[in-house]
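Here is a friendly briefing to read alongside the model.

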Amino acid sequence: MNGPSLRATGLRIFLALLAALGLGACASMPQSANKPREAPAPATVAPVQSSAPEALAAQAQRLQQQGHDLAAAKAFIQAAGETRGDAQVAYLLQASQASLAGNKPQVAVLLADEVLRLAHDPKLRGEALWVRARGLMNQGQTDQAKGNLEELLTIDSTPPQVRAEALGTLATIFRNENHDLTALNFLVQRDSLLAGPDKAENHRRIRALLDAQSSAKLKNWQGRSGNPIVQEWLAFALIARQNPDPAAREAAFAQWLQQHPGHPAIHWSASGSLPSARADARGDICALLPQSAPYAPLSQALAAGLETAAQLRAGPPIHLIATTGNPSFTSVLFQRGVQAGCVAFVGPWLEQDIRAVASVRKPSDPPVLSLGEVQGLTQSGLYQLPMGRGDAARQIAVDAYHAGYRQAAILYPQDSSGASIQADFLTRWKQEKGSVLGVASFIPGRGSLNGALQQALAGVSGQDSMVFLVAGKGDLAASVAAIRAVNANIPIFVVASDAGDGLPSLPDARGPIYSLETPWAMHSEPLDSKARSLLHQELPQASPAQWQLAGVGLDAYALTQAILAQETTDPVDGVTGRLHFGPHGNIHRAMHWVQIGPGGAQGLAQLPAAGS
């Protein structure tokens, strides 16, 4: 290829890239005819004596081997500035790859853009598309990344492992966009490129997607898909629903295959996602997570948090076991996990599944960290991690009472979430011996509150009174304004009724407004950049509720490691709060208090006492 030089193809772009990478214009770069040559910026590595492109490229490769990705990217850019043609494009591609590895996705995308503009070779274009797609994903630009991934799949030279990863990412994106049949097609295409544990994990993803659909939708899909393997997955999914008994299910599978000759076996296991080989789970932490609607996307987020923590903490791997909401079958899956060698279990989640596992668990069985709390259920080796806004409501009741508040007016939205949250607060508040001034409700999204608010606040007196407010982000400002119209100074304690990226700032600063940090701190200091980056790759278009549960997954893994190490006397500092082991296995989460005002939510060292 006879490509133009950097001078002709965008010199200013590359000077900007060097600046973005922390390197000024170098003597080896082509210079503007009217601009004096500038001294190079100080480098942290020994400079190359020769500016020949081969020498610069060799230095870049040495830097990469030493883990200095950004310094390598700078050297590759300099090498590109000293040459032209195919070599120039190759150096630009290597600079793009090094920039991505050095956590500079914006630079990687710009360099990949230039490669795509200059290159005609399909292999080079495919490699640039792969870098560009991942750079865009790291920046949250999934719509643009989607087009790059789809184009990448049309290039014959794309390596199988890259093709498999691209198909998996596209399946995640389309599923999060509610295009589930398209996602299923991508996962089925991906299956032929995988083997071993990767293939088993892909089967789990397919089953989770199918389990999240209604039977009517699966039957509709049978008439819309022309892929015979997709047809088989759909048929087996329907058979599995009609035959909960494992033996009857396997017989029905065999009968279907006899009636439809020519279909390769897809190995749909009657035991959920647990592999048949007992050794496959030996030494693993096994996660019992529901995969039926509406739990599938939330379980996906929990699994992402668990798997990210396993990678970052270098602990036992995660082995996912899909439950169906059938308590009897969940207990069977637990027992099979014990036989398969699971060293601990995270989950189950649903109350009926927690009770089912507790009923069959033996004292010698591995420990279980349930993702939910069943009142009155205690068992040695069973730990219960509560999660959800009810947990926040109960903590507000305890912390507020201990801070000197004694009277509470309650305001909540008329929906199932709001009613449940206020009930959790009210139950615990009464246990703490707090009194209730009044209870009022409102219809979410209406922008106004009913007359019960004035009645609820009518009995407010003294500095030990407070309002417990449940509100989504859309109703928070109106709710606060209505409360302030009745009482300008009463403290307001807020729990968000829906998941969001954080509480908004409020222009009315009269009277304190307190909240626990909900949703839990997915953007706070405890969640380092590496964890955040990995989660964005696993959950590129996650909803706020998924982000919250990903945080629970991170903390559940840390708790399980502490349980396995028998270190349950010290608290665990997690991203969802400071976690303490109780005397009967119940885990208490101390979340962080914030005060909401015109400047947004400000962290508090502790909740101020009533009247302060």
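Strand 12 (residues 577-581) and strand 13 (residues 587-590) form a hairpin with 5 residues between them, and Gly585 in that turn has a positive phi of about 90°. Please note that this is a predicted model, in which local features need pLDDT of at least 70, side-chain atom pairs count only at pLDDT 80 or more, and totals for chains, interfaces and linings use all residues. Residues are numbered from 1 along each chain as its sequence is written, and side-chain values use heavy atoms, with hydrogens and water left out. Helices (H or I, at least four residues) and strands (E, at least two) are DSSP runs, numbered from the N terminus.

**The sheet and its hairpins**

- Strand 12 and strand 13 pair in the antiparallel sense over 4 bridges; two strands count as paired if DSSP finds at least two bridges between them.
- Within this pairing, Arg578 has Ala590 of strand 13 as its bridge partner.
- On to strand 11 (residues 572-574), which pairs with strand 12 in the antiparallel sense over 3 bridges and is joined to strand 12 by a hairpin through 2 residues.
- Here Gly574 stands opposite Gly577, and Val572 stands opposite Leu579.
- Together, 3 strands make an open antiparallel sheet in the order 11-12-13.
- Strand 11 and strand 13 are the edge strands, each pairing on one side only.
- From one strand to the next, the twist averages 25°.
- Helix 22 (residues 544-564) packs on the sheet and touches strand 11, strand 12 and strand 13, where contact means heavy atoms within 4.5 Å.
- The direction of helix 22 makes about 30° with that of strand 12; axes are lines fitted to C-alpha atoms, for helices over the stretch in contact, and angles run from 0 to 180 degrees between N-to-C directions.

**Nonpolar cores**

- The largest nonpolar core has 60 residues, of which Leu184, Leu210 and Trp221 touch the most other members; a nonpolar core is a set of buried Ala, Val, Leu, Ile, Met, Phe, Trp, Tyr and Cys residues joined through side-chain atoms within 4.5 Å.
- Helix 3 (residues 69-81) gives the most to this core, with 8 residues.
- Another core, of 38 residues, lies apart from it and includes Val572 and Trp349.

- Because 10 of its 14 residues are buried, helix 5 is largely enclosed by the rest of the structure; buried means under 20% relative accessible area, exposed over 50%, and partly exposed in between (1.4 Å probe, protein chains only).
- Helix 10 (residues 196-211) should span 22 Å, and its end C-alpha atoms are 23 Å apart, which agrees.
- Among the buried residues of helix 10 are His203, Arg204, Arg207 and Leu210.

**Salt bridges**

- The structure holds 10 salt bridges, each a side-chain nitrogen of Lys or Arg within 4 Å of a carboxyl oxygen of Asp or Glu.
- In helix 5, Glu114 and Arg117 are 3 residues apart, about one helical turn, and form a salt bridge with the closest N and O atoms 2.7 Å apart.
- Glu114 is buried, at 4% relative accessible area, whereas Arg117 is partly exposed, at 47%.
- Arg394 forms a salt bridge with Asp424, the closest N and O atoms being 3.2 Å apart.
- This pair links distant parts of the chain, with Arg394 in helix 17 (residues 389-402) and Asp424 in helix 18 (residues 416-431).

Note on methods: Expected span 1.5 Å × (residues − 1).
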